[in-house]
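User: I would like to learn how to read the packing and pairing features of a protein model, taking one kind of feature at a time. Could we begin with how strands come together?

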Amino acid sequence: MLSLAGRGPAGMPLLLPFTGPEVAAVAARWLDGGRAARGDALAWLRRHPEAAARALVPAALGRAGPARRLAGQALRAVADLGRRDAVEAAARAYGAGAAAAVTDLLDADPLDALPARPPTLPVWADPAVLTPIELRGGAGTLPVDAARHVLTMLAMSKPAAPYAGLTVVREACTAASLAGFAMSLLDRWLEAGAPGRAGWVLEAQAVLGDDETARRLAAHVRAWPSEGALARAGAAVDVIARIGTEGALIQLHRLTTKVRTPSVRARAQERLAEVAASLELTPDQLADRLVPDLGLDAAGTLELDFGPRRFTAGFDERLKPFVADGTGTRRKDLPKPGVRDDPALAPAAVKRFTLLKQVVRLVAAEQIPRFERAMVMGRRWTGADFHRLIVGHPLVWHVARRLVWATFDTFDASGAPLAAMRVAEDRTLAGLDDSPVTLADDAPVGVAHPLHLGGTLVAWAQLFADYEILQPFPQLGRASPALTALFSQLGAGGPGLTGWFSRPGAGGPGLTAEERERDVLARFAGVKAPSGRFAGLTHGAWRRTDGQHGGWGGIVRDLPGDRIAVVELDPGLHYGDVSVDPVQTITGVRAGTRHADGRGWQRVPFADLDPISAFELVRDLEEATA
């Protein structure tokens, strides 16, 4: 375990139960690492403060060098965790001289923690050509020489431990100008070819950056892999996570689905999971809380002030914007400012409405796939979170009211949920007959899959048609030859869904008895289809397998219960350009389960899949090969 922890921070949690000088040295080393490594090292120090102090005092008072610096930093971390008493007690055990030296170490001004040789700034990092840093209170801008010192502080900082003087800088200067200063530095670094020795420039964005920094970095993350800068893109993902603002976390969440490079997407998912874990949330729960309300009121509207005129902006059930004037009359768009309008308020209102429309389009594009994934993957909310984060959100509720929901605490004889409902126009919950539905705070709620609705599917579809409710994605009309045939049987009094949700190994609709017992879906073997069809699946729940820069691969889909579906293609999708091989032949469709260590997978029969997973797999392949 020491060997594993020595090779990478992923091994540090293995050492959590153990103590000893060797373990303390590893913890001190990873305390100086990235966010994840630092968190694990702090967890060890928090659990073993006395043992850590006993092991680290000799190194902290030893010969100058990296070991001394790391040990001293770890002792100060133990003291910062509220256990200075443990550090001082351990020092006294080594004698009065050690006790005095450790006291001096803990009381030292962090501003005095300077390297023996200050770093030399590169020529292109000239503060005279960077965005000026503004002092708070309108006191002017920071002189060029002082701005050069800020650069030196950034250059000698560690990723997990910025130099303490930067705290003083942030207190004295405006946050927006510091972020602009850092971003202009990044631009200069990129213009110089992004030299590796100046990698601190990227790290500086985490220290001084803001929401706009995160947005621009996210754009770079999407572009850099195709420019041969994959490692830089991964480092930038870490920086976005360390910026840590709500806007930065929104960008991090978008990278988990909106970046094409698998390794970068996986890194974003890891960082988002770390942030969620630190908040005691799942990544999905964190994503729920990152949907911006954009300053809209409870009714989902916003007042735009032109001075003598006022307008109300809002969004309809499809998140299309509308504007109402003072009489309540709806207009197609916000009017242009007139000569009688306030020259400052009116342009600001127009700019805010334009930005609002852009962000709402992005929110809609993110939330709709999230709800579809929730339906397929069986995600559940508590009744309390459903009311607060979905029905109560000024934007999200518009998407929610176009779907059928169900509670999953009571089931019928087949194992299907009994209570289905919709969100009415007044944000109350209504059943199929429009009767009110009461939802307990602890009731598990989810997007109903058509298989859940059984014989009521047709009635729900008719109700939505009567109310002219357009669904954001196929739910009630989730077409598939298998499902069409199934519900024609239901209409004729056939066996329908009985037993699908309650019988283990059901395998799901659309699979024959023979297919359920095998680990390969032979019906699709040898079927040809355009490459674009399979590439299109990766814009949804599927992702590419082995294809990297210039490589080829198939596609894979995550399923509930650590199951996966893998589609093997010949010659395979080209990572950079799917038109290189315009036609693909399916050579295998397999089901599997992930290994516990997350590396590789093992084949399983299709009977191991839940009914919804089997249905969705067949449906996707039917559409791709139609």
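**Strands, cores and side-chain pairs**

Analyst: Four bridges connect β1 with strand β2 (residues 310-315), and the two strands run antiparallel. Please keep in mind throughout that this is a predicted model. These strands belong to an open sheet of four strands in the order β1-β2-β3-β4, with antiparallel pairing. The edges of the sheet are β1 (302-305) and β4 (330-331), each of which pairs on one side only.

User: Which residue of β2 stands opposite L304?

Analyst: The residue opposite L304 is F311 in β2.

User: Which helix packs on the sheet, and which strands does the helix touch?

Analyst: Helix α16 (residues 345-377) packs there, touching β1, β2 and β3 (321-324), and the direction of the helix makes about 150 degrees with that of β1.

User: How should I read a nonpolar core, and which residues of the largest one touch the most other members?

Analyst: The general idea is that in soluble globular proteins nonpolar side chains tend to be buried together. In this model the largest nonpolar core holds 58 residues, and those touching the most other members are L154, V221 and I240. The elements that give two or more residues to this core are α7 (144-155), α8 (165-172), α9 (175-191), α10 (200-208), α11 (211-223), α12 (230-243), α13 (246-258) and α14 (262-278).

User: What does V221 contact, leaving aside its neighbours within four places in sequence?

Analyst: With those neighbours set aside, V221 is in contact with A233, A236, V237, I240, L255, V259 and V264. There is also a second, separate core of 41 residues, whose members include A313, A346, A349 and I390.

User: How many salt bridges are there, and which partner does R216 have?

Analyst: A salt bridge is read from the distance between a side-chain nitrogen of Lys or Arg and a carboxyl oxygen of Asp or Glu, with a cut-off of 4 Å, and by this rule the count is 33 salt bridges. R216 forms one of them with D187, where the closest N and O atoms are 3.3 Å apart. This pair links distant parts of the chain, since R216 lies in helix α11 and D187 in helix α9, 29 residues apart.

User: Are the two residues buried or exposed, or something in between?

Analyst: Burial is judged from relative accessible area, with buried meaning under 20%, exposed over 50%, and partly exposed in between. R216 has 29% relative accessibility and therefore counts as partly exposed, and D187, at 25%, is likewise partly exposed.

User: Which residues are linked in a network of salt bridges?

Analyst: The network links D238, R267, E270, R271 and E274. Within it, the side chains of R271 and E270 meet in a salt bridge at 3.8 Å, N to O. R271 counts as buried because its relative accessibility is 14%, whereas E270, with a relative accessible area of 44%, is partly exposed.

User: What salt bridge does R310 form?

Analyst: R310 pairs with D305 in a salt bridge, the closest N and O atoms being 3.5 Å apart. R310 is partly exposed, at 44% relative accessibility, and D305 is also partly exposed, with a relative accessible area of 22%.

User: How many aromatic pairs are there, and what geometry do F306 and F311 have?

Analyst: Aromatic pairs are read from the distance between ring centres together with the angle between ring planes, and planes over 60 degrees apart count as edge-to-face. The count comes to six aromatic pairs. F306 and F311 form an edge-to-face pair, with 5.1 Å centre to centre and 70 degrees between the planes, and both F306 and F311 are buried.

User: What is the geometry of the pair formed by F371 and W405?

Analyst: F371 and W405 also form an edge-to-face pair, with 5.6 Å centre to centre and 85 degrees between the planes. F371 lies in helix α16 and W405 in strand β6 (residues 405-411), so the pair ties together parts that are 34 residues apart in sequence. F371 counts as buried at 4% relative accessibility, and W405 counts as buried at 0%. One aromatic cluster is formed by F371, W381, F386 and W405.

Technical notes:
Residues are numbered from 1 along each chain as its sequence is written. This is a predicted model: local features need pLDDT of at least 70, side-chain atom pairs count only at pLDDT 80 or more; totals for chains, interfaces and linings use all residues. Side-chain values use heavy atoms; hydrogens and water are left out. A nonpolar core is a set of buried Ala, Val, Leu, Ile, Met, Phe, Trp, Tyr and Cys residues joined through side-chain atoms within 4.5 Å. Buried means under 20% relative accessible area, exposed over 50%, partly exposed in between (1.4 Å probe, protein chains only). Contact means heavy atoms within 4.5 Å. Two strands pair if DSSP finds at least two bridges between them. Axes are lines fitted to C-alpha atoms, for helices over the stretch in contact, and angles run from 0 to 180 degrees between N-to-C directions. Rings of Phe, Tyr and Trp (its six-membered ring) pair if their centres lie within 6.5 Å; planes under 30 degrees apart count as stacked, over 60 as edge-to-face and the rest as tilted.
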